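I opened this notebook to record what I looked up, one topic at a time. I start with how the two chains meet.

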Protein chains: 2
Amino acid sequence: MDTALTYAETHADQFVDELKTLLRIPSVSTDSAYDDEVERAAAWLADHLDGIGMEHTEIIATDGHPLVYAEHITDPAKPTVVVYGHYDVQPPDPLEEWDTDPFEPAQHDGNLYARGACDDKGQMFMHVKAAEAYLSAEGDLPVNLKYIIEGEEESGSMAMGAYVQSNGSRLGGDVVLISDTAMFSPDTPSITYGLRGLAYAEITLRGPNRDLHSGNFGGAVDNPCNALSRILAGLHDDDHRITIPGFYDDVQDLTEAERKTYAELPFDEQSWRDALDINAVRTEGDYTTLECLSARPTLDVNGIWGGYTDEGAKTVLPSRAHAKLSMRLVPDQQVEDVYDKLEAHLEAAVPDTMQFSMRRLHGGDPVLVDRSAPPMQAAKTAMGEVRGTEPVFVRNGGTIPVVADFQQHLGLDSVLMGFGLDSDAIHSPNEHFGLDRFQQGIQAIIRFHNHYAEMEA
Amino acid sequence: MDTALTYAETHADQFVDELKTLLRIPSVSTDSAYDDEVERAAAWLADHLDGIGMEHTEIIATDGHPLVYAEHITDPAKPTVVVYGHYDVQPPDPLEEWDTDPFEPAQHDGNLYARGACDDKGQMFMHVKAAEAYLSAEGDLPVNLKYIIEGEEESGSMAMGAYVQSNGSRLGGDVVLISDTAMFSPDTPSITYGLRGLAYAEITLRGPNRDLHSGNFGGAVDNPCNALSRILAGLHDDDHRITIPGFYDDVQDLTEAERKTYAELPFDEQSWRDALDINAVRTEGDYTTLECLSARPTLDVNGIWGGYTDEGAKTVLPSRAHAKLSMRLVPDQQVEDVYDKLEAHLEAAVPDTMQFSMRRLHGGDPVLVDRSAPPMQAAKTAMGEVRGTEPVFVRNGGTIPVVADFQQHLGLDSVLMGFGLDSDAIHSPNEHFGLDRFQQGIQAIIRFHNHYAEMEA
């Protein structure tokens, strides 16, 4: 292990340069205009995995974007770690709010700025470099290693979910290791034991069959923008609880022990609000801000549009209005059940002046992992050694759909050892990743493989 | 008069060809990208007015788009008709819903399809051709004639309003004649005696200072799209009355006589709904559909936008959400007073999680005209002769801001003799104008000048 750690230190600059090359490929999976770029990122990654000495590397075609698979089987008797990550990224818009080109990495103040710098190209690439350190410095790995890196995490992980469901033997192993989450704070290394799920829908209201003049038709023809506002406003009550009937039926409430852990986390709410420049939060009932951010379900409008949205004043009564809305789910809510409840509720809420349609865009079930399992403890030790302080176990408000798939279809728990920070601006303009955390991540992964192999020996 | 009527009939094809030339100029006044085209339309029109024999033609520069002025003073003892119209047009979007190019006129099935074909290039041009018929066929006009044609009617008539306010002597006359309204139905020629006013605003809500990941921040950070929906939904009650305090204070309610006239209009509500493909209307309290369309005030969202609106699913909690919203006003509501009430109400409704701003984009006061005045009766006679059926006096739900300006600053009432139809799709894709109505309009205007001169002789 020690020579691998040294190798990673002495090759730090090379690793950053290689990551920049990957970041220059705009592999935006949610927009088909970027399809060729997504393919190019997959090809680059497979080639790179081959180059560091993985025994077998393969680009697996799917109905969507390809999966990149690589393996190195040191010894069937050793534990097998399945590394999951994704090489696709969120769209870069709004482009005008970036200080630099989102696809031309800018390195300054110890950070690397680019779309995907943290989520997830940067964090995924730490795992590639940890393996390279072992293979180049020591000629072998303390564990068997399989990589499965997908290109659709930001657009629903459809192909990945299907692959996990149908290719159990190939992805067989003992644990999944993932770096796609954030630390609780810059000084609080964290291992995530819970993830929220997601149900993301797009809805359309159609009123009149064409855009109308608001003077000639306003006052009697119902307006789909107004109607959509009424429907969306009705999805929460005054306590910010979601009004969809049955929505909370399957929600596991927080235990007293969990609430105590939440209360002990070093959370400075005022500073957190200041960083966002908000004067107040909007939380559900009596739950704390932190609890609402990761252990309670949500409903957010992710996008809304209708009518005239350009310069000036067009007096139109629009034909249609649209919204993208998503719910973050917590155990034991299930995606399809929540979609059904949403759709039934919306259909009942739509006035007789409107026609309604809804599309289910993508979803993922929520997850909780047993904190006492050996790989969770190995991760805790590895991270603690690198950071010099004991990591905490936390729940995360985000969603990694495939983590639920690994659990449901392969019986594999996931160790979510993340090095992001909330301030990294993932999904936002000026996304970045600290180069110190990039290096610490590689070191922690090298240590994890060693500790986990020893615990299972 | 008779030779002028004959001239108009025999030159019908030439008139249509000339109108097409004007329609090819995309004089969209609400979007600065079209500024040069607006200037080009003004120049073409001034040149054309000069060509038909107006004594004096002038392009009047303003802070915005130019005014086109022309006059022909036959005899100071005769009545002076001020013809008002506009050469600017609405934006053509959504472009994909047009069957033909909005700025390449298509003539078929007796209609001319183009942006502005009806509103208002087509209707304004009828007045130019009526004067040409008199001047070419008879060498003179029965009235003194002044044209004032503006280029900002679709974007607030700021320059026109200022000009009317400050140039009373130049625009002095006896009546304003305007064709920028619709007939009640294809078989019901109409003269409009009432117009609604308009107060059009754009509002912005800002929550967090940047777009956020909906997983990491959703559940505690209030979402501006959700907040905007709550605020907009709160602007109407269940009876579809507007909830802004004091909003109805200055509304003149309909008289029993007016309600009776409304009830007698040949309105087939089922056919009207079928044409719009709507199953139901949303009207205020006990008012009828027709009453709500023209004699009651409204509040419509003309545009709404925020967050991610492109293909796919972006899990963003947006920083900002926006809406354009406008209120149609009825006598005696006043634009600035209503703006003040709206802004005060919105400021009170904005939650402490949001920052709010509002811009007043453009407005116009409502108008009512005395139906018994000589020019109104001259218009009734002229239209009746052309159409073979007596026209009705109606109120119109739209707004022509300058009509209130003519009344307030010059003491001039306006005769609104319109030849549009609700089905002409003004402000919508596939706007068109019936060539029969284009010709009837010219004939009616020729007759109006004659009858009005005789009544005032």
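Before counting anything, I wrote down the rule I used: two residues are in contact if their C-beta atoms, placed from the backbone, lie within 7 Å. I also noted that the model is predicted.

**Entry: the contact between the chains**

I looked up how many residues each chain gives to the contact. Chain A gives 82 residues and chain B gives 81 residues. I then asked which elements of chain B give two or more residues to the side that touches chain A. Among them are helix H7 (224-233), helix H10 (289-294), strand E11 (298-307) and strand E13 (320-329) of chain B. E11(B) gives the most, with 9 residues. I sorted the residues on this side of chain B by class and found 35 polar, 29 nonpolar and 17 charged.

**Entry: are the surfaces the same or different?**

I checked the interface residues of chain B against those of chain A. Of the interface residues of chain B, 100% are also interface residues in chain A, so the copies meet through the same surface. Next I superposed chain B on chain A, which takes a rotation of 180 degrees with 0.0 Å of shift along its axis, at an RMSD of 0.1 Å. That is the relation of a two-fold axis.

**Entry: a strand pair across the interface**

I went back to E11(B) and looked for its partner in chain A. Strand E11 (residues 298-307) of chain A pairs with E11(B) in the antiparallel sense, over 5 bridges. In this pair I found A:Ile304 opposite B:Gly306.

**Entry: a sheet within chain B**

I looked up an open sheet of 3 strands in chain B, with the order E4-E5-E18 and antiparallel pairing. Strand E4 (106-108) and strand E18 (432-434) stand at the edges with a single partner strand each, so one side of each has no neighbour in the sheet. From one strand to the next the twist averages 20 degrees. Strand E5 (residues 111-113) of chain B is joined to E18(B) by 3 bridges, and B:Leu112 stands opposite B:Phe433.

**Entry: two helices of chain B**

Last, I looked at helix H2 (residues 12-23) and helix H4 (residues 121-137) of chain B, whose axes come within 10 Å and cross at roughly 135 degrees. H2(B) and H4(B) are therefore oblique to each other. The crossing is right-handed. On the H2(B) side I listed B:Phe15, B:Leu19, B:Leu22 and B:Leu23, which meet B:Lys121, B:Gly122, B:Phe125 and B:Lys129 in H4(B). By class, this contact has 5 nonpolar, 1 polar and 2 charged residues.

Conventions:
Residues are numbered from 1 along each chain as its sequence is written. Chains are lettered from A and ligands numbered from 1 in the order in which they are written. This is a predicted model: local features need pLDDT of at least 70, side-chain atom pairs count only at pLDDT 80 or more; totals for chains, interfaces and linings use all residues. Helices (H or I, at least four residues) and strands (E, at least two) are DSSP runs, numbered from the N terminus. Ala, Val, Leu, Ile, Met, Phe, Trp, Tyr, Cys and Pro count as nonpolar, Asp, Glu, Lys and Arg as charged, and the others, Gly among them, as polar. Two strands pair if DSSP finds at least two bridges between them. Axes are lines fitted to C-alpha atoms, for helices over the stretch in contact, and angles run from 0 to 180 degrees between N-to-C directions. Copies are superposed by least squares on the C-alpha atoms of residues with pLDDT of at least 70 in both. Angles under 35 degrees count as roughly parallel, over 145 as roughly antiparallel, 65 to 115 as roughly perpendicular and the rest as oblique. A crossing is left-handed if the near helix is turned anticlockwise from the far one by less than a right angle, and right-handed if clockwise.
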